[in-house]
Amino acid sequence: MLEAMIEILLKTVVILALPLGALPLIIHVERRGAAFMQRRLGPNRVGPFGILQPLADVAKFMFKEEVHPTHVRPFFYTAAPMIALVVAILPLACIPVAAPFEAFGRTIFPEVFRSDMGIFFAFAASALGSYGILLAGWASNNKYSMLGALRACAQMVSYELSLSTSVVAMIFLYGTNDIHVMIAAQTGYWFGFLPKWGVFLQPVAAMLFLVGIFAESNRLPFDLAEGESEIVAGYHLEYSSMKFALFFMAEYIHMIALSALFIIMFFGGYSLLPGMELIVERAPILLAVLQVTSLIIKIGCMIWFFVWVRWTLPRFRYDKLMDLGWERLLPLGIANLIVTVLIVYFRNQ
Amino acid sequence: MEFASFIVFFIIACTLSAVLLGISSLLGQKRKIVREMDIYESGVNPVGSATRQYDIKFYLTAILFLLFDVEIVFLLPWALAYKESSNHDFMLAGFIFFMVIMLVGYIFVINSKALKWEK
Amino acid sequence: MAADIFLTILTVVFALMVVFSKKTVVSAFALLMTLLSLAMIFFQLGTVFLSAVQVLINAGAIAILFVFVMMLINLEQFPNNREKSKVKLVISTFTMLVVLGVFALVINNNIETLSVVNLTDNSMKALFDKLFNAYFLPFEMATVLLLAAIVACIVITTHEKHENEEELQILKTEEKL
Amino acid sequence: MSIYYYLAAFLFCLGLLGTIFKKDLISMLLCLELMMGGVALLFILFSKSTGFLDAQLMVIFTMIISACEVAIGLSLIIALYRKKQTIYTDDIKIITE
């Protein structure tokens, strides 16, 4: 009993500490990346290469004055950032960072919430993500906030549909909803060099999912919720100091969690990167460590992709955005699903 | 067991966000300036209340999302059952019927221009 | 056992908040919490798939719809001091207690048979087998129901346009006459 | 597990109470949702005690029906609000125009 409790606590702490610890780094990468793409210097004063800048920012957030406007609805105003952060963290519980391994005389599943429906729960938790935003917009009692929240919410739900169709297609293709089985199906190589990743089987589904992640986490080119030229800052307009920081953290953690799901379905999750098998052959004991490293490298690439897109593409217009979601991506997702099913059916004949 | 781990995770996540908020309200500077507490409306005096009626399109989007989401979520058991089913033809026929009905609904939605934002 | 009682208390508290809170938005969020704790109960009872679907559909979509509507309809413009009919409250509470009493009586008399677990195969596979064999037709018909709901919602909410067209047509015919 | 039977009955009755005495239509719909929740819980409990999986399938159909009910109910409320600017049952005395 005690052992089990310790195991749960350890897992929880590790799974929470990894993304939260990486957050300052990601923010720094984002700012330096922006500077790199715009040919300017970016933050480079605090520490070597400005690496301590995010920590300084955190300290600043903590010592900032808490502006608590008079016209807000106090309870929900305080609760909204907390709900946003907690809901963003929840999907992380279902994501395994390595294959189950033997240690201390027992099998350890390296995920907090072990269930064969894990992937459903992860999506369900990320579907709750709009509550924090909607609540913030309503509690702020401000027209800009309200409009931003409504926009964000409508956009998130619209793109969730096409995202779900791509998930259905992948689950149909793998014939399982167990994340470990899904990843096991993606280990190995075709023709000796091409990794058996889902993205090569289902490029359309991968594209839909990728667009869905951008829309769900409100990142450019889909950050209509905080389009500063139209509605100033959207749903977090009335927020300051740590409350604002919590929204910021929630956005990044949501991004990390959705990227991890994307990688699980399309890039082999924690399966080893090409070339790492050589190391494992020499030292099998390193398997779990290398798996975690592969996952982190893959997520890092995704994050860099997010930054890259953010500073490359301009923002959409709102009607174009909704048209894209409902009139392009959703039929594309449905067509992709039908074609997949027909191909699988006729191949089995 | 899994239930307990989920609860522990949830509680730790809640505590984390509460602690972060608590730290800031403890350490933060405290001033009381009335202008600062006012509603933000680009520096001009606020006009009307924020809880006015917004566009019906937002609402229609949500309602159509609900109905399509139900359909897509119930495709998931189908996708999982297909591989284990003995009668693939039957399953495929069911899927085609399902999809045809869904597409009829979808075409109705697009045709009615209920989700067209520009007038 | 402790988890049972904890979840029951949680659900009861949120359900009471749904009915007895003054603000409708608070009720809606209490409903969301009730649905989530029901999902936890489903999970604890071993019906994992239903629990996931409960979170995805009931908590993720239905509750968001309520919140949306509440924000679209300007609830604060309504005066809050509507007369509360005491008689209605008393009668409805009485009805509720009677119905609850009947239920409790029935449950109490059969509690031994009811609390026996006879479910041998609780896997998703068995559930889906049944769904796609015995319940295939109802499952397809549910899609038709959803189609009907989609059509109905669009027609109801965009009704005003049609009305104007009708009026226009009436005007036109009047002009012709 | 037996405590859940009482919980399901309680949820159903509470929803019934709310549906009767609430004054605005949205709250009434919320209470209907509560009743649906109680019914779903009862179905799952019956499936556990009788050993039939059919009851669990009924939960799926309950969810589909409650989704349709909520969607149509809320669109009716919206339509009503646009026409009469009210969502209170007291203000709605006549059905026709």
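1. Of the 119 residues in chain B, 37% count as buried, a residue being buried if 20 or more other C-beta atoms, placed from the backbone, lie within 10 Å of its own. Chain B holds 4 helices and 0 strands, helices being DSSP runs of H or I with at least four residues and strands runs of E with at least two, numbered from the N terminus.

2. This is a predicted model, in which local features need pLDDT of at least 70 and side-chain atom pairs count only at pLDDT 80 or more, while totals for chains, interfaces and linings use all residues. Residues are numbered from 1 along each chain as its sequence is written, and chains are lettered from A and ligands numbered from 1 in the order in which they are written.

3. Between chains A and C, 11 residues of chain A are in contact with 10 residues of chain C, contact meaning that the C-beta atoms of two residues, placed from the backbone, lie within 7 Å. On the side of chain A that touches chain C, helix H4 (118-127) and helix H5 (130-140) of chain A each supply at least two residues, and H4(A) gives the most, with 5 residues.

4. For chain C, the domain assignment, which is automatic or taken from a database, gives domain 1 (1-78), domain 2 (85-120) and domain 3 (135-177). The centres of domain 1 and domain 2 of chain C, taken over C-alpha atoms, are separated by 21 Å.

5. Within chain A, residues of H11(A), including A:Met255 and A:Phe262, meet residues of H13(A), among them A:Leu295 and A:Phe306.

Notes. Buried ≥ 20, exposed ≤ 12 C-beta atoms within 10 Å, placed from the backbone.
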